[in-house]
Amino acid sequence: MNIPFVKLSAAIAVGLLSLNATAADVRFPVDMPKPKEGQLVHVPPTMDDLEKSQLHPELKRVIRRGHDLFMNTQQLRGKNVFNNMNCSSCHMGEGRLPFAGPVWPAAVTLPDFRPKNNHVNNLEERIAGCFSYSMNGTPPAYGSDDMLALSAYHQWLAKGVEMYPSAPIYGRGYPKLNDPQQKPDYKRGKQVYEAKCSLCHSNDGSGLVQNGKVVFPAVWGDNSYNWGAGIARTFTLAAFVKHNMPLGQRGTLSDQEAWDVAYYIDTQERPQDPRYTGNVKETRAKYDATFHKATNYGLTVNGKLLGDHDNTGSKPFLKPEALKPRTFTAE
Amino acid sequence: MKKLLTPLAFAMALGAASAAQALEGDAKAGQQAAAVCTSCHQPDGGGMNIAGGQSWPRLAGLDADYLYKQLRDIKAGSRQSPVMMPFVSMLNEQQMRDVAVYYSQLPATAGKGGEQASAEDLAHGEKLATVGDWERYIVPCQSCHGPGNLGVGGQFPALAGQHAGYIADQLRAWKNGTRDNDPLHLMLAIAERMDEKDIRAVSQWLSRQPAK
């Protein structure tokens, strides 16, 4: 189903580009950016498509399980997930939506070298990264039923896309915003947060759990993503917010508001980076070039050194075993 | 498993407790004041689904803060309801609180209006309510209205077990501008993307879901 935009067929364009429809009487138009010429546009198959497909029934069962885990990752709470996140909290629209961290690109661009851990990662190891940082947990074992199910769901979404595409992918990740005109500011960010975010995510960032079920994810504190999560980087969160929040109203915040509120959220405390050496400044320095230069970890903000603690949130350990260097010294 | 934010956890627990009883009202007094409500909303607070007419919502078991806010908003005009206006005008500030608390404490009753729904409508309605239709940027109802669409706090009312006719009326009210009282216009943004088929399907499916 993927076609570089120049060859984008009318049928595919309908679903995706209808999001650009801006009827005059609509107060919240969905201004989804249009694909640029030469970009790879892929509309991932749906779960309905899966049922209609000719795949082996057992494979369908595994992909369904992957979808279920993706949408309700809290079923792994206390085993693999130790905060209030689901995969779908950040990868919205079942992991299919452009500008919302669509997950299918991982299936066609990996294995690849990843600066964050300085070695070549395959799809399972990339998913393991999400569990270790964004879910403040530990991944299902490589090759386990759950890992197989999750990776199969990713690959199903990538159906029809060439491996290692050379064209840039439309809406991949959370496309970066332009640099802010003014330096991101805590006070302005707090104002944006209280006006636009706290209704759901609460003033103290804890989100909302009702009758033991997560309704709105925590954006800081013990049950949020840890200091090593990609979205702990201000630019990543700013882009996520701009493209996806408030829910259903993407694109309504200005770039400056998105930068400010991202700075505000990502200067709050959260569980320790699993790579913590015992010294926050040393840890920051060790991963500065590949990661922490974009976070506030190990910096002093409002008189407080951020990340200077040994709190791992709801997780009874610091570092999952899966996080280890690969030497690749095959002989 | 150290806790970094013990004071925070404490504040959260406090917050949860106070949220549950945020609205000060007297259910007994509310029952008396609600005498003007019962001819439409029924003695059990179950309301009535009226096919082809304006349905009366179930109030029983809805969140007190939500009910109170709706009464205030109807009075203030941000939620237009010519039918409700004369009745709301009879209630003073304290009576609105009392009535809200009274109805919130009644056991929820079952929703009506989805009995004749087609299998196709039910499937479409379930999809909108639980997964959404992101191609049209219609996010799922339950992402705000909570697991089971049973409602979340004072801002996101229970939809499960509400009458189909009432849910459909409200979605249309957002579309045509007569209802404008939702926080951050989170509902308005979604409602205006929904067509008549969506509205019919999702309201029928929701009405058939358990209210508890």
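This short talk walks through a predicted model with a chain A and a chain B.

First, some housekeeping. Residues are numbered from 1 along each chain as its sequence is written, and chains are lettered from A and ligands numbered from 1 in the order in which they are written. Because the model is predicted, local features need pLDDT of at least 70 and side-chain atom pairs count only at pLDDT 80 or more, while totals for chains, interfaces and linings use all residues.

I start with chain A. An assignment of domains, automatic or from a database, divides chain A into domain 1, residues 3–157, and domain 2, residues 186–305. Their C-alpha centres are 22 Å apart. Between them, 18 residues of domain 1 of chain A are in contact with 23 residues of domain 2 of chain A; contact means that the C-beta atoms of two residues, placed from the backbone, lie within 7 Å. On the domain 1 side, α4 (87–90) and α6 of chain A are the elements that give two or more residues. Helices here are DSSP runs of H or I, at least four residues long, and strands are runs of E, at least two, both numbered from the N terminus. The most comes from α6(A), with three residues. By class, that side of domain 1 has nine nonpolar, seven polar and two charged residues. Nonpolar covers Ala, Val, Leu, Ile, Met, Phe, Trp, Tyr, Cys and Pro; charged covers Asp, Glu, Lys and Arg; the others, Gly among them, are polar.

Next, helix α7 of chain A, residues 145–157. Its 13 residues reach 18 Å from first C-alpha to last, close to the 18 Å expected at 1.5 Å a residue, where the expected span is 1.5 Å times one less than the number of residues. Which residues of α7(A) are buried? Among them are M147(A), L150(A), Y153(A) and W156(A). Buried means 20 or more other C-beta atoms within 10 Å of the residue's own, with C-beta atoms placed from the backbone. The cover over these residues includes α2 (47–52), α3 (57–71), α5 (104–109) and α6 (123–134) of chain A.

Now the two chains together. In chain B, 28 residues are in contact with 32 residues of chain A. Helices α1 (6–20), α8 (142–145) and α10 (186–191) of chain B each supply at least two residues of that side. The largest share, four residues, comes from α10(B). The side of chain B that touches chain A has 19 nonpolar, four polar and five charged residues.

Key. A residue is buried if 20 or more other C-beta atoms lie within 10 Å of its own, exposed if 12 or fewer, and partly exposed in between; C-beta atoms are placed from the backbone.
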